[in-house]
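Please take me on a tour of this structure. I have it open in a viewer and would like to know what to select next and what is there.

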Amino acid sequence: MSRKLKYSIFRYNPVDPDSKPGMQEFFLQETENLNLFVALNILREVQDPSIQFDFCCRAGICGACGMVINGRPGLACRTKTADLPDQVSLLPLPGFRLVGDLSVDTGSWFRAMNEKIRSWVHTDKEFDPQEQEVCMDNRVAEKIYELDRCIECGCCIAACATAQMRVDFLGAVAMNRIARFMIDPRDKRGHKDYFEVVGTDQGIFGCMGLLGCQDVCPKNIPLQDQLAYVRRKMGWQALRRLMPGQA
Amino acid sequence: MRVIYTDLLCIGAGLAGERVAIEAAQAGFETVCLSLVPSRRSHSSAAQGGMQAALGNCIKGHGDCPDVHFQDTVKGSDWGCDQEVARMFVDNAPVAIRQMDYWGVPWNRVVAGRSCYYKGGERLEKEEPLEKTGLITARDFGGTARWRACFCSDGTGHAMLYPLDNVAVKYGVQVHDRTEALSLIHNGEQCLGAVVRCLKTGRLLAYLARATLIASGGFGRIYRASTNAVINEGGGQIIALDTGVVPLGNMEAVQFHPTGIVPTDILVTEGCRGDGGTLLDVKQERFMPGYEPEKAELASRDVVSRCMHEHMARGLGVKSPYGDHLWLDIRHLGREHISVKLREVDEICKNFLGIDPAEQLIPVRPTQHYSMGGVRTDKNGAAYGLKGLFSAGEAACWDMHGFNRLGGNSLSETVVAGMIVGRKIVEFLQGHEISLNTGLVRNELKKQQERINRLMSRDSGERVYDLRNRMQDILMDYVGIFRNEKDLNTAVDELREVLHRTGNLKLSSSGTGADPELALALRLPGMVRLALCVAYGALERRESRGSHARQDYPARNDRDWLVRTLACWPESRDLPRLEYEPATRIVEIPPGDRGYGGGGVIS
């Protein structure tokens, strides 16, 4: 006999003046291999077509469906109901502007973050279409890819105590991105340049080391290591700035 | 009337859209990209295995060059492609990939020395020479003569999209995400922009632009089972078709990928087979060598999908509650290879199937994957029918894929076409001004607002989701891998009926704000029209070519059908008007044998 699951879903439509924030309950019979992507779409198709939520690739690749599932930020598409109790509470990710119900505006947040940390390869070299690519050790390429696997789902921000207290905190996602550029030989920025973008309380020095980010990262990116790496480099840079004649 | 003006409006912010946008922004033009989702969530991010570019760096790619890539692409297309475009594509792919490298993509590199690899089930050895160390390497893919698919593990699309979006940020390309273009603003000759619905608030806006690009990806979601992201519902093709003057090319050319997983239809990359994975049947025996002795699992996708379908029809599939399937076996590649080179596949298997691919078999079957058809353009990316309208990427029918796209050629197309079409748009913008007729803009806004008002006020009518599901089921049942006149007639008749019923949609929700049901209700009639272009085009094409396999016309007919279908939709009709043009004007390689797939040819 399959279970009947109770879903408590956060409902609020900010553009509807009659809408009041609150939890709404739905019931759905559990079927084999059910995940939250399928369950939420059934609820929308059959019970309430107005529920707002975000899915895109539904394969754990694009990062669209981050939400708080029974108190823990995660990707809904790859959350199997078999791993959940009879009652499932679903809330939008905190730290992002609400679009409606479970849908939040991660696009604006990440764009602003990428602008702030100048998230692109900085180089004086012009691209020459006639030239062969610059050689790179494959181990370096694989190391960069490891950090590039971040899908900007927002779970690390939702799980971060600093980000919840401080709206301008850049979060583990930004520190991981900076670490990625630090190990990329194509990026010609030095520690001084990185210090300018993350050597602050909005950046690496705002991190309290609680590491909720590492616990919830759906891509299992070693965020703890990246935070430590960036903190160490930026810490030295901070000390260097105190020395006479150094910048 | 709320109006946003820009030089270039890109509808879509995946790899193709942003690559074009960057070209325009670098030339100093103001550029706005519209996107249903934040740009980094575009379906480009889901491309896994690789990007084809003839670099010839790795030992198994030795001797590769654009000419060999060209031959593979033309054969892969079953001579359906425009050979002039295919030539431009292969010549520019090495430049495009090196530019992506310059922008920060962490391509896998050649490692000198001996290493083992698998072909079919067999373990072989290769030795990479010292002088190529550190250059971009490649893996094997289907339908190619050399190893040419350059890759970042099996997250290549993601690993390209992030650096490209970084460059877009650097050059100030604006991305207005969570917006949906509902219609193009045009006067029958010139495109002037689009009417756009904000998916955060539900508000309508007019975007006016000197040039407009459609780069919104494919339309796989008109099928019930598709590897595509849920946003791939053909929005760009719909607004082009709705103009009545812009034709869609080869809409019947729909690709089914051999390895969608069962259930959930999520893709596992062709790289699995490229790296030596095999397909097994219910007896856990390889069957592809029996159908394709030479290429086996690495024949082109259309061929492998057909063989799998036939093999299951012979009762050799594996029964499951979700229908028959076959097995993909990558166990012999070893845990280390899987966790480094097939990382997404590893995650997908564990998270969605609950299996460990290093120890267990992966259930797969052919699944709708790619739309070769789309907005028909010339070689510069300019759409037929409207000046100032362009298209690139999967949304377009440029047309380098013809009737079957090779694996790794779509990722490559996004950035190569983006580069070439981007340059052409820059030239166009340098010499092109528009005069604005505010009445025209106001009318188009009003027309779309009235559609919304009608949907929100109707008291009784058809349920939106029911009709969408009906359309999807019709395509699944009658317009699949194998096609015939009877099924296609049924599909056309039933889709016409569904189209009529979409004129009477009723919302169950209020429709206020970013209401998702309203968004689908606005899109659905257009989706059914796309479905009709596919089904009707397939019915009329009385031959088999690439992915279009007619049981009643099994031969490729170069005598009568070496042509591209052009589908236009004149207002108030319930079927597209089909016209045909030669598949290619320039012929470098005359039609011949593909070297796989068998089948007769009428010449």
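A salt bridge is a side-chain nitrogen of Lys or Arg within 4 Å of a carboxyl oxygen of Asp or Glu. Keep that rule at hand for several stops. This is a predicted model, where local features need pLDDT of at least 70, side-chain atom pairs count only at pLDDT 80 or more, and totals for chains, interfaces and linings use all residues. Residues are numbered from 1 along each chain as its sequence is written, chains are lettered from A and ligands numbered from 1 in the order in which they are written, and side-chain values use heavy atoms, with hydrogens and water left out.

**Stop 1**

Select B:Asp560 and B:Arg559. Their side chains meet in a salt bridge, 2.9 Å from N to O. Now check how open each residue is. Buried means under 20% relative accessible area, exposed over 50%, and partly exposed in between (1.4 Å probe, protein chains only). B:Asp560 has 42%, so it is partly exposed. B:Arg559 has 55%, so it is exposed.

Next, select a network in chain B. Salt bridges that share partners join B:Asp78, B:Glu252, B:Asp302, B:Arg306, B:Arg541, B:Glu543, B:Arg545, B:Arg556, B:Asp558 and B:Arg594. Over all chains, the count comes to 83 salt bridges.

**Stop 2: one arginine of that network**

Zoom in on B:Arg541. Look for it in the loop between helix H15 (516-540) and strand E22 (549-550) of chain B. Helices (H or I, at least four residues) and strands (E, at least two) are DSSP runs, numbered from the N terminus. Is B:Arg541 buried or exposed? Its relative accessibility is 0%, so B:Arg541 counts as buried.

Show its surroundings. Contact means heavy atoms within 4.5 Å. Leaving aside residues up to four places away in sequence, B:Arg541 touches B:Asn250, B:Glu252, B:Phe403, B:His548, B:Arg550, B:Trp561, B:Val563, B:Arg564 and B:Thr565. Pick out B:Val563 from that list. The side chain of B:Arg541 reaches the backbone oxygen of B:Val563 at 2.7 Å.

**Stop 3: a salt bridge between two elements**

Select B:Arg501 and B:Glu462. Here the side chains meet in a salt bridge, 3.0 Å from N to O. B:Arg501 lies in helix H14 (residues 485-501) of chain B and B:Glu462 in strand E19 (residues 462-463) of chain B, so the pair ties together parts that are 39 residues apart in sequence. B:Arg501, at 29% relative accessibility, counts as partly exposed. B:Glu462, at 21%, also counts as partly exposed.

**Stop 4: where the chains meet**

Colour chain A and chain B separately. In this interface, 73 residues of chain A are in contact with 80 residues of chain B. Buried area is the accessible area (1.4 Å probe) that two parts lose on being put together, summed over both. The two chains bury about 5,900 Å² between them, 51% of it on carbon and sulfur atoms. On the chain A side, select A:Arg58, A:Glu133 and A:Tyr145. They lose the most area to chain B, together 13% of what that side buries.

How many salt bridges does the rule find across the interface of chain A and chain B? It finds 13. One of the bridges to view joins B:Arg98 and A:Glu133, with the closest N and O atoms 2.8 Å apart. This pair crosses between chains, from helix H3 (residues 83-102) of chain B to the loop between H2 and H3 of chain A. B:Arg98 is buried, with a relative accessible area of 16%. A:Glu133 counts as buried at 5%. Then select B:Arg178 and A:Asp54, whose side chains meet in a salt bridge at 2.6 Å, N to O.

**Stop 5: aromatic rings**

Rings of Phe, Tyr and Trp (its six-membered ring) pair if their centres lie within 6.5 Å; planes under 30 degrees apart count as stacked, over 60 as edge-to-face and the rest as tilted. Over all chains, the count comes to 12 aromatic pairs. Select A:Phe37 and A:Phe55. They form an edge-to-face pair, 5.0 Å centre to centre with 75° between the planes. A:Phe37 is in helix H1 of chain A, and A:Phe55 is in the loop between H1 and strand E3 (66-69), 18 residues apart. Both A:Phe37 and A:Phe55 are buried.

Terms used
Polar contact = N/O pair within 3.5 Å; in protein donor to acceptor, adjacent residues only side chain to side chain.
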